[in-house]
Amino acid sequence: MRVETAKKPKPAPELDNVLAWLNVKHPLRLRDLRGSVILLDFWTYCCINCMHVLPELAKLEEAYPENLVVIGVHSAKFETERDARNITEAILRYKIRHPVINDPDHVVWRRFDVGAWPTLVLIDPEGYII
């Protein structure tokens with residue numbers, strides 16, 4: 001008989017050395033957000049399934065403004081999606097209110113071991129990926 005044991009939670013990698021933050025005045029650090037639940041949304045603006053997630057994220061942001069921090073991680077699939085101007089236009093077009101990281105070289109994508117669009121990563125108030 002095989003007995004499954006719970007996996008030890010994995011600390012979320014920091015968002016240091018991220019080149020471009022959009023829709024926010026200054027870069028965010030996960031360690032500064034301790035105490036809140038953080039939801040990373042790995043998306044790209046040419047992905048229809050990513051677009052379907054955005055209204056749901058807006059509902060969550062509205063329902064839990066004091067406890068939830070949503071951060072979009074725009075990880076380009078196509079060359080034109082790497083340009084911050086195009087991402088900014090998408091942010092305006094889709095009325096995205098949360099901070100967005102431009103991750104054109106998939107640096108954050110690899111840190112969080114993402115493999116598809118969209119991917120959501122939830123980080124607990126103590127900084128562990130759940």
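Analyst: Let me begin with aromatic pairs: rings of Phe, Tyr and Trp (its six-membered ring) pair if their centres lie within 6.5 Å, and planes under 30 degrees apart count as stacked, over 60 as edge-to-face and the rest as tilted. With that in hand, Phe-42, Trp-109, Phe-112 and Trp-117 form one aromatic cluster. This is a predicted model, in which local features need pLDDT of at least 70 and side-chain atom pairs count only at pLDDT 80 or more, while totals for chains, interfaces and linings use all residues. Residues are numbered from 1 along each chain as its sequence is written, and side-chain values use heavy atoms, with hydrogens and water left out.

User: How many aromatic pairs turn up in a search of the whole structure?

Analyst: The search finds 3 of them. One joins Phe-42 and Trp-109 in an edge-to-face arrangement, with 6.5 Å centre to centre and 80° between the planes.

User: Why does that pair tie together separate parts of the sequence?

Analyst: Phe-42 lies in strand S3 and Trp-109 in helix H3, so the pair ties together parts that are 67 residues apart in sequence. The helices (H or I, at least four residues) and strands (E, at least two) are DSSP runs, numbered from the N terminus.

User: And how is the pair of Phe-42 and Phe-112 arranged?

Analyst: That pair is tilted, with 6.0 Å centre to centre and 55° between the planes. It also links distant parts of the chain, since Phe-42 is in S3 and Phe-112 is in the loop between H3 and S6, 70 residues apart.

User: Are Phe-42 and Phe-112 buried or exposed?

Analyst: Both Phe-42 and Phe-112 are buried, where buried means under 20% relative accessible area, exposed over 50% and partly exposed in between (1.4 Å probe, protein chains only). Trp-109 is buried too.

User: Changing topic, which residues of the largest nonpolar core touch the most other members?

Analyst: A nonpolar core is a set of buried Ala, Val, Leu, Ile, Met, Phe, Trp, Tyr and Cys residues joined through side-chain atoms within 4.5 Å. Of the 20 residues in the largest one, Leu-15, Leu-40, Phe-42, Ile-71 and Phe-112 touch the most other members. Strands S3 (37–43), S4 (68–74) and S6 (119–123), together with helix H3 (107–111), each supply at least two of its residues. Apart from it lies another core, of 17 residues, including Leu-39, Val-53, Leu-68 and Ile-96.

User: What does Ile-71 touch?

Analyst: Leaving out residues up to four places away in sequence, Ile-71 touches several residues, among them Leu-15, Trp-21, Leu-28, Leu-40 and His-98, where contact means heavy atoms within 4.5 Å.

User: How many residues of S4 are buried?

Analyst: S4 is mostly covered, with 7 of its 7 residues buried. Leu-68, Val-70, Gly-72 and His-74 point one way from the strand, whereas Val-69, Ile-71 and Val-73 point the other way.

User: Which strands does S4 pair with?

Analyst: Two strands pair if DSSP finds at least two bridges between them. S3 and S4 run parallel and are joined by 7 bridges, with Ile-38 standing opposite Val-69. S4 also pairs in the parallel sense with S5 (residues 100–102), over 3 bridges, and there His-74 has Asn-102 as its bridge partner.

User: Where does the chain cross from S4 to S5?

Analyst: The chain crosses through helix H2 (residues 84–93), and this β-α-β crossover is right-handed: with the strands pointing away from the viewer, the path from the first strand over the helix to the second runs clockwise. S3, H1 and S4 likewise make a right-handed β-α-β unit.

User: What does H1 pack against?

Analyst: The buried residues of H1 pack against S3, S4 and S6, and they are Cys-50, Met-51, Val-53, Leu-54, Leu-57 and Glu-61.
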